[in-house]
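Visitor: I am new to this structure. Please show it to me, and then I will ask about the words you use.

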Amino acid sequence: MAHEIEQFTDGTAAFASANTSAWHKLGTVTSGAMTAEDAMRIASLSGWNVRLLPLTATEITAGGTTPLEVPQHFATARTHPKTDRTQTLGVVGSDYHPVQNEEHAEFLNLLADESGAHFETAGSLKDGRQVFLTMKMPQGLTIGGSDDVDLYIAAFNSHDGGSAFRIVVTPVRVVCANTMRAAIHGARSSFVVRHTAGAKARIAQARSALGLTFRYAEEFEQAAQRMIEAEMTLSKLKSVVDELWPVKDSDHARAKTNQRQRWGAISNLFEHADTQAGIRGTRWAGYNALTEYANHVAPTRGKTDAEKANARAERVISGAANDLMEKAFALTTV
């Protein structure tokens with residue numbers, strides 16, 4: 001599994017990052033904060049004109065070929081940003097309405113105007129099937145007086161019918177860049193907009209719903225502060241790990257070996273990793289050890305070190321470990 005950032009034949013990639021080079025070393029790094037227009041242009045996200053095309057099938061018989069209409073289904077397609085050719089992206093039903101990349105950026109621009117946030121990254125994954133833009137909030141959080149946490153708003157969209165337009169509030173530890181979405185009681189951390197005729201109106205509604213950003217930040221900071229003030233023993237962390245990755249006595253030997261290796265890696269992070277300095281022995285450290293393992297240490301598919309590193313990068317971008325991390329937060333918070 002590669003990082004899946006879209007790459008073009010001219011040597012460029014559909015990825016832009018403000019100030020900081022990414023792990024995959026692809027795309028363009030800007031010398032300052034990006035506007036929505038900058039992000040769209042640099043990441044080659046403009047002018048796709050995602051649209052629906054009638055879907056047909058072809059039956060081949062001894063007498064020749066017969067085109068057949070596929071009712072109530074359409075192919076999604078875009079204008080390729082480099083070749084200007086039409087490229088199909090996926091198959092959707094008749095109630096699907098594309099959300100253009102420009103609408104995606106326009107929505108985040110409204111939030112930027114209100115909050116002072118700036119665009120941090122933008123890009124295309126899986127040959128245009130998925131698109132993401134992220135913004136960094138102007139003010140982060142400090143947990144326990146020393147552990148810095150940045151706050152981001154990330155918006156994800158798919159053009160192949162694979163998922164809805166989704167906005168996520170994500171706190172990220174500066175020291176190790178872990179994605180740390182968590183289910184905070186009473187505060188929503190995401191907002192979903194489905195690709196239907198009313199999608200654009202609901203995106204406007206999401207703007208007001210994202211007053212949750214600030215409420216979420218406040219509740220996250222309070223929860224994290226309680227965690228950093230509460231001790232966590234190695235045995236307690238082990239019980240959390242066993243609940244997150246349960247292994248039965250009847251499971252194969254391979255599963256039990258994986259269990260031992262997993263615990264060895266997590267316990268080492270908890271007890272010895274530099275990323276835990278200043279918070280060691282706390283529930284906050286336990287949660288961060290679990291997060292760091294899930295996003296950066298857990299085994300990945302790939303034959304080479306580069307392929308494995310890229311797979312981990314994709315895991316962070318896509319939020320593949322989000323559900324696990326929300327459960328981990330619930331088990332370690334107080």
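Guide: An open sheet of three strands is found here, in the order E3-E4-E5, with antiparallel pairing. Strand E3 (51–61) and strand E5 (86–93) are at its edges with a single partner strand each, so one side of each has no neighbour in the sheet. From one strand to the next, the twist averages 55°, an angle between N-to-C directions of axes fitted to C-alpha atoms, on a scale from 0 to 180 degrees. The model is predicted: local features need pLDDT of at least 70, side-chain atom pairs count only at pLDDT 80 or more, and totals for chains, interfaces and linings use all residues. Residues are numbered from 1 along each chain as its sequence is written, and side-chain values use heavy atoms, without hydrogens and water.

Visitor: What makes E4 and E5 a pair?

Guide: Strands (E, at least two residues) are DSSP runs numbered from the N terminus, as are helices (H or I, at least four). Two strands pair if DSSP finds at least two bridges between them. Strand E4 (residues 64–79) has seven bridges to E5, so the two count as a pair. Thr79 stands opposite Thr86 in E5.

Visitor: Which residues line the largest cavity?

Guide: They are Lys238, Val241, Asp242, Trp245, Gln259, Arg262 and Trp263. A lining residue has an atom within 4 Å of a point of the cavity, a set of points on a 1 Å grid over the protein atoms alone where a 1.4 Å probe fits but cannot get out. Helix H5 (234–244) and helix H6 (253–272) each give two or more residues to this lining.

Technical notes. On a 1 Å grid over the protein atoms alone, a cavity is a set of points where a 1.4 Å probe fits but cannot get out, and a pocket is an open set with protein on both sides within 12 Å along at least five of seven lines; lining residues have an atom within 4 Å of a point.
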